[in-house]
Amino acid sequence: MASISLCMIVRNEEKHIEECLQSAIEYVDEIIVVDTGSEDGTKDICSKYEVKIFDFQWEQNFASARNFCIEQASGDWILWMDADERLVVNDHEALLQCLSKKEKQEENFISVGMKHFYGEIPADEKRVHVSHVYRLFRNGKGIHFVGRIHERPVSDDRKEEQKAEENKFIEILHYGYMDEAVSLKSGRNKKMLLREWEDNQEDGWICYHLAVEYYHEQNYTTAYDFTNLAILLFIKKGLLPPSLFYKLKYDILITLEDYTTVAESIEKAIMLYPDYVDLHFYKGMAEFSIGEFHTARETFLYCIVLGESNPEYLILRGMGSFMAEDYIEKCNNILEGEGPE
């Protein structure tokens, strides 16, 4: 059977690290923890478990720390996580069979479903974004991390157009977007991103991540400008801007209550990503807000049809279910109140 190495980089994570380790330890063959300078009890907690702990001088670069971490791993597959995440294994045997099958097919990446909770503690299942991310990859295949911040694993053999697959064997619960965590990380993240932006002002991903940080600060105008610039940089290179960029753009416009702009322009984004439920939901909100209740009802009904299980997208829970249903009811109430035409 295939073996799994859990690889983590940590710093001052005594509040979270134990729950993370407990969630994963029975399902992996080894745990590698690279500490980048903890001054709390993080390493003491790790020492209670069968964990290989390494120190690493922090270089203001998450990718370099991740790469050092995976260099210590001996498993066939690497699972990478953060301390503010929890592993949920729904079928361990099926997971191992899947890994063995992927090895025979010479496939090096496996996507893992993630739930990104947001809002106040405790976490609420209705306040969550769902995505699929490549958190499992084969060891010893030249796969490495890039990116000073918001790092990602890459390989020369991996095609960028490779589609994510829904994986029901395991999932990861992510608590790093809860209000308390965002407030603690925001300043550090923005500082690192601005430094990276100075080095490379043609990188649309840096623009996007900066937009996210300004969004968290409620500086929506600056966030909107960076989002548009991110889209433009991709287009200039002849590349399709990721769906995430359009989700953020219209999220900002909805937050600013600029429903007219949403209604006038979102169809172009939907043409690029016709099965992205979040974009249709924003379209419905705009139609509802400008009084187009018949059209809005049809849009929200289509959101129900699309649902929330498409692994290609970051999806806000409710946009293809209970939130769309609430708007359908509102539309019905308004339209019934109008009486016969």
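**Entry 1: the chain as a whole**

I began with burial and noted that 52% of the 341 residues in the chain are buried. I take buried to mean under 20% relative accessible area, exposed over 50%, and partly exposed in between, with a 1.4 Å probe and protein chains only. The model is a predicted one, in which local features need pLDDT of at least 70 and side-chain atom pairs count only at pLDDT 80 or more, while totals for chains, interfaces and linings use all residues. Residues are numbered from 1 along each chain as its sequence is written, and side-chain values use heavy atoms, with hydrogens and water left out.

I looked up the secondary structure next and found 12 helices and 11 strands. These are DSSP runs numbered from the N terminus: helices are H or I with at least four residues, and strands are E with at least two. The radius of gyration of the chain is 22 Å, close to the 20 Å that the globule rule gives for 341 residues, so the chain is as compact as a globular protein of that length. This radius is taken over C-alpha atoms, and the globule rule is 2.2 Å times the number of residues to the power 0.38. I also noted that the C-alpha trace spans about 70 × 45 × 40 Å along its principal axes.

For the surface, I recorded an accessible area of about 17,000 Å², of which 47% belongs to carbon and sulfur atoms. Such areas come from the Shrake-Rupley method with a 1.4 Å probe; for residues, only the protein chains shown count as cover. Of the contacts with a separation of 6 or more, 69% are between residues 24 or more positions apart. Contact here means heavy atoms within 4.5 Å.

**Entry 2: helix H4**

I then turned to helix H4, residues 92-104. Its 13 residues reach 19 Å from the first C-alpha to the last, close to the 18 Å expected at 1.5 Å a residue. The expected span is 1.5 Å times one less than the number of residues.

Which residues of H4 are buried? I listed Ala94, Leu95, Leu96, Cys98, Leu99, Ser100 and Lys102. Their cover includes strands E1 (4-10), E4 (77-81), E6 (109-119), E7 (128-138) and E10 (170-178).

I checked both ends of the helix. At the start of H4, a side-chain oxygen of Asp91 reaches to within 3.4 Å of the backbone nitrogen of Glu93. Just after H4, Glu106 takes a positive phi of about 55 degrees.

**Entry 3: salt bridges**

How many salt bridges does the structure hold? I recorded 16, a salt bridge being a side-chain nitrogen of Lys or Arg within 4 Å of a carboxyl oxygen of Asp or Glu.

I first examined Lys43 and Asp55, whose closest N and O atoms are 2.7 Å apart. This pair links distant parts of the chain, with Lys43 in helix H2 (residues 42-46) and Asp55 in strand E3 (residues 52-55), 12 residues apart. Lys43 is partly exposed at 31% relative accessibility, whereas Asp55 is exposed at 54%.

Lys102 is buried at 9% relative accessibility, and Glu107 is partly exposed at 28%.

In helix H10 (residues 277-289), I noted Lys283 and Glu287, four residues apart, about one turn of the helix. Their salt bridge has its closest N and O atoms 2.7 Å apart. Lys283 is buried at 14%, and Glu287 is buried at 6%. I also recorded a network in which salt bridges that share partners join Lys115, Glu125, Glu308 and Arg317.

**Entry 4: two single residues**

I located Ser38 in the loop between strand E2 (30-35) and H2. Is Ser38 buried or exposed? It counts as buried, at 18% relative accessibility. A polar contact of 2.5 Å joins its side chain to that of Asp35. By this term I mean a pair of N or O atoms within 3.5 Å; within protein, one must be able to donate a hydrogen and the other to accept it, and residues adjacent in sequence count only if both atoms are side-chain atoms. A polar atom of the Ser38 side chain also lies 2.7 Å from the backbone nitrogen of Asn12.

I found Leu316 in strand E11 (residues 315-316), buried at 10% relative accessibility. Leu316 and Asp278 are 38 residues apart in sequence and 6.9 Å apart in space, C-alpha to C-alpha. Leaving aside neighbours within four places in sequence, the contacts of Leu316 include Tyr118, Val128, Asp278 and Glu308.
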